Amino acid sequence: MNVKRIIESVIEYFVLTYMYDIKDNHFVFVYFSLDVGVLKKMQIKIKNFEIITVRLVNSSKGGNFMSAVFAKIIGYSYSIISTKKFIGCEYAASIHLFRFLATKFKKRYIMKKVVLLLVIFSLVAIPSQAFAQKKIPILIYHSIDEFKGQGSKDLYVSPGNFEKQMAYLKDNGFTLLTFERWGEIHQVKKPIFITFDDGYKNNVNAFAIFQKLKGANFHPTATIFVISDFVGRSNRLSRSDLKKMVDSGMFSVQSHTATHPDLTKVKDIDYELKESKEKIEQMTGKPVIALAYPYGIYNQKVIEATKKYYQFGLTTIPEPYVKTEKPNENYLLPRIYVKNSTTLDEFVENLQ
């Protein structure tokens, strides 16, 4: 048995014994870990204590947040009231799984049972990596070209920088996926999605870089979200461009609506979603299953309309995807911007 873990368990006992409160069914959970030298506090509201399994997740290096996942609650409702970081800098990538029995007795009796079972279970704790949540970056680009003074500079990534970023993915074992291969996200070690919004003509530069970097162990793929009614304009990809890119096996073409409106305000949302899907399918001969919300704007009405025609909806929430089992999870997929100002170090940090 690990001596360090025994010492930690003893500290847990005293911390949990003297730092708690149960009042009006509010349970304040305070946890100390020697591994990271931090105290964490979680306040949970539970109606009638029963058999409850709690996973306390300390997320990633440098992370300033903590989340709690309730793996099993039988017949009772709950809500997380608050979480708070007390002391320390970095969280460890670890999960401690606790199981306890509690009933509607006096708080001292309840706490004794909780503390006792926490200490016992912590001595035989399941290895943290067994429950580690996979973070999957979905990156968003627009133009792959040198900025020449027109438009928003941050929407341009130079071909040189884009090649360095893709070379990093290649050299570090990442698997580039498209949404047709969503089911593979838990089958590969380092899944990542590369997406391009608006269907700019200069995306052919990304195509050339993919062809350059392609190798026996690296098969670059990406998704282009095109505005169907803009296809063929002077600064947009043409039908022949799209067909060539799709036929290469390197690109999936999906929908960014028909005219790029704010979907929360548009009058004919079915035209924007259904017509764009059908037009793109006719252009490429491939299914269109994903929609990128224009400007990243959506509401519940937009989500419900999207579900009629698509399997995925993409936002611009700047974080990696982590499976949560929340309702409409696949219609709230986050994406991380890669900008003109993004350095390679910042790019790598976004992949963590």
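**Salt bridges, a buried strand and one leucine**

Let me start with a lysine: Lys277 has a relative accessibility of 17% and therefore counts as buried. Buried here means under 20% relative accessible area, exposed means over 50%, and partly exposed is anything in between, with a 1.4 Å probe and protein chains only.

Before going on, a word about the model. It is a predicted one, where local features need pLDDT of at least 70 and side-chain atom pairs count only at pLDDT 80 or more, while totals for chains, interfaces and linings use all residues. Residues are numbered from 1 along each chain as its sequence is written, and side-chain values use heavy atoms, with hydrogens and water left out.

Back to our lysine. What does Lys277 meet in a salt bridge? The partner is Glu281, at 3.2 Å from N to O. A salt bridge is a side-chain nitrogen of Lys or Arg within 4 Å of a carboxyl oxygen of Asp or Glu. Glu281 is partly exposed, at 25% relative accessible area. Both residues sit in helix α6 (residues 269-284), four residues apart, or about one turn of the helix. Helices (H or I, at least four residues) and strands (E, at least two) are DSSP runs, numbered from the N terminus.

Lys243 bridges to Asp247, with the closest N and O atoms 2.9 Å apart. These two belong to helix α5 (residues 239-247), and because they are four residues apart, about one helical turn separates them. Lys243 is partly exposed at 33% relative accessible area, and Asp247 is partly exposed at 49%. Then look at Glu184 and Arg181, whose closest N and O atoms are 2.9 Å apart in their salt bridge. Glu184 has a relative accessible area of 25%, so it is partly exposed; Arg181, at 29%, is partly exposed too.

Now please turn to the strands, and find β12 (residues 191-198). Is this strand largely enclosed or open? Eight of its eight residues are buried, so β12 is largely enclosed by the rest of the structure.

Which strands pair with β12? Pairing needs at least two bridges between two strands, as found by DSSP. Strand β8 (residues 138-141) runs parallel to β12 and is joined to it by four bridges. One example to click on is Leu139, whose bridge partner in β12 is Ile194. Strand β11 (residues 175-177) also pairs with β12 in the parallel sense, over three bridges; there, Leu177 has Phe193 as its partner in β12. Finally, strand β13 (residues 222-226) and β12 share four bridges, again in the parallel sense, and Asp197 partners Phe225 of β13.

My last stop is Leu333, in the loop between β16 (312-314) and β17 (336-337). Is Leu333 buried or exposed? With 0% relative accessibility, Leu333 counts as buried. Leaving aside residues up to four places away in sequence, Leu333 touches Ile138, Phe179, Trp182, Phe312, Gly313, Leu314, Thr315 and Tyr321; contact here means heavy atoms within 4.5 Å. Take Phe312: it lies 21 residues from Leu333 in sequence, and the two C-alpha atoms are 7.6 Å apart in space.
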